[in-house]
Amino acid sequence: MNKADKNFIDAMNYIFENGVYDVNPRPYWLEEDGSHTPAHTLFAFDWKNVYDLSKDEFPFMTLRPMAWKTGVKELLWIFQDQSNDIKLLEDKYNVKYWQDWNVGDGTIGYRYGHTVNRYKLIDNLIEGIKTNPYGRRHIMSLWQDQEFIDEKKGLQPCCFMTIWNVMGDKLNMKLIQRSSDHITAGSGINEIQYCALLLMIAKATGYKPGLFIHDISNIHIYDRHIPIVKEVMNRTPIECKPKLILDTDKTDFYSFTIDDFRLEGYPLEEIKKKNPQVKLPLAI
């Protein structure tokens, strides 16, 4: 099986073997009658996935289809548009699942894109890599306490820090994620998003993409997702070697579009037929 499928199965087994249930969780299930039911998770601490993009290792599972374009569009909203405006995300990219985190003014609060813009995170990162490639301070952090003080509402970022490292002609990146609902996003979309970001920053700074390392602190499965997870784990993976390519001569970070990305070696239609998408209830 490909590396992404193996990493998913290994991570789920790690949770089942080592996990405990949380107490008094913040998220809840919204029932049909409008009532709230606590959304408990089975969680474990500390998990790591490593992909070497220079060896064409990419995090595309075949145990279920990956809606990779939707994930990359969300990434562009955060790091290119540097926006927290849900309407922009919906109108420009047709991504419409953020309304549950609307703080009441049409935004997700001072989070994600707002933080990128406020602290010029992308511009500072690119400039730093270009002027001091072997520096050890190439860090982007979405975890800014001042944001939480200024705007108390809003989902605090799960994928909150990236650390960047130049080695020769390659650019490596580590993603640190405080919390990963692993069947929903962490095992696929989040990793695809940040691989895409690595491709973009590498292109903008003149390097080849190298290692993508994903460190997760709290890796979990929601209680109502457990039978779905077990069903996905028992599926038959499809042999393939997916490769995400940023297929453009452009080097301006802000000029890249979703149409510049091309995915090779990922038999999406076969995956949809043999391992169809699963419906996961959303914990809010």
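Biologist: Is Asn 190 buried or exposed?

Modeller: The model is a predicted one, and the result is computed from it. Asn 190 belongs to helix α8. Its relative accessible area is 12%, and a residue under 20% counts as buried. Asn 190 is therefore buried.

Biologist: Which residues does Asn 190 touch, leaving out those up to four places away in sequence?

Modeller: A contact requires heavy atoms within 4.5 Å. With residues up to four places away in sequence not counted, the partners of Asn 190 are Cys 159, Gln 177 and Ala 185.

Biologist: Where is Ala 185 found, and is Ala 185 buried, partly exposed or exposed?

Modeller: Ala 185 is found in helix α7, which covers residues 182–186.

Biologist: What is the relative accessible area of Cys 159, and what is that of Cys 195?

Modeller: Cys 159 is buried, with a relative accessible area of 5%. Cys 195 is also buried, and its relative accessible area is 1%.

Biologist: How far does helix α8 reach from its first C-alpha to its last?

Modeller: Helix α8 runs over residues 189–205 and has 17 residues. At 1.5 Å a residue, a reach of 24 Å is expected. The reach in the model is close to that expectation, at 24 Å.

Biologist: How many residues of α8 are buried?

Modeller: Helix α8 is mostly covered. Of its 17 residues, the number buried is 16.

Biologist: Which residue just after α8 takes a positive phi?

Modeller: The phi in question is about 90°. The residue that takes this value, just after α8, is Gly 206.

Biologist: What is the orientation of α2 and α8 to each other?

Modeller: The axes of helix α2, residues 68–79, and α8 come within 9 Å and cross at roughly 55°. The crossing is right-handed. Residues that meet include Trp 68, Val 72 and Phe 79 in α2, and Ile 189, Leu 197 and Met 200 in α8. With angles from 65 to 115 degrees counted as roughly perpendicular and those under 35 as roughly parallel, α2 and α8 are therefore oblique.

Biologist: How far apart are the end C-alpha atoms of α2?

Modeller: Helix α2 has 12 residues, which should span 16 Å at 1.5 Å a residue. The separation of its end C-alpha atoms agrees, at 16 Å.

Biologist: How many residues of α2 are buried?

Modeller: Among the buried residues of α2 are Trp 68, Gly 71 and Glu 74. Helix α2 is mostly covered, and of its 12 residues the number buried is nine.

Biologist: What is the orientation of α2 and α3 to each other?

Modeller: Helix α3 covers residues 86–93, and α2 packs with α3 at an angle of about 135°, with their axes 10 Å apart. The contact is made by Lys 73, Glu 74, Leu 76 and Trp 77 of α2 and Ile 86, Leu 88, Leu 89 and Tyr 93 of α3. Only angles over 145 degrees count as roughly antiparallel. The two helices α2 and α3 are therefore oblique.

Biologist: What is the orientation of α5 to α8?

Modeller: The axes of helix α5, residues 121–131, and α8 come within 10 Å and cross at roughly 50°. That angle makes α5, relative to α8, oblique.

Biologist: Is Asn 94 buried, partly exposed or exposed?

Modeller: Asn 94 is found in the loop between α3 and α4. Asn 94 has a positive phi of about 60° although it is not a glycine. Its relative accessibility is 55%, and the cut-off is over 50%. Asn 94 therefore counts as exposed.

Technical notes
Residues are numbered from 1 along each chain as its sequence is written. This is a predicted model: local features need pLDDT of at least 70, side-chain atom pairs count only at pLDDT 80 or more; totals for chains, interfaces and linings use all residues. Side-chain values use heavy atoms; hydrogens and water are left out. Helices (H or I, at least four residues) and strands (E, at least two) are DSSP runs, numbered from the N terminus. The expected span of a helix is 1.5 Å times one less than its number of residues. Buried means under 20% relative accessible area, exposed over 50%, partly exposed in between (1.4 Å probe, protein chains only). Axes are lines fitted to C-alpha atoms, for helices over the stretch in contact, and angles run from 0 to 180 degrees between N-to-C directions. A crossing is left-handed if the near helix is turned anticlockwise from the far one by less than a right angle, and right-handed if clockwise.
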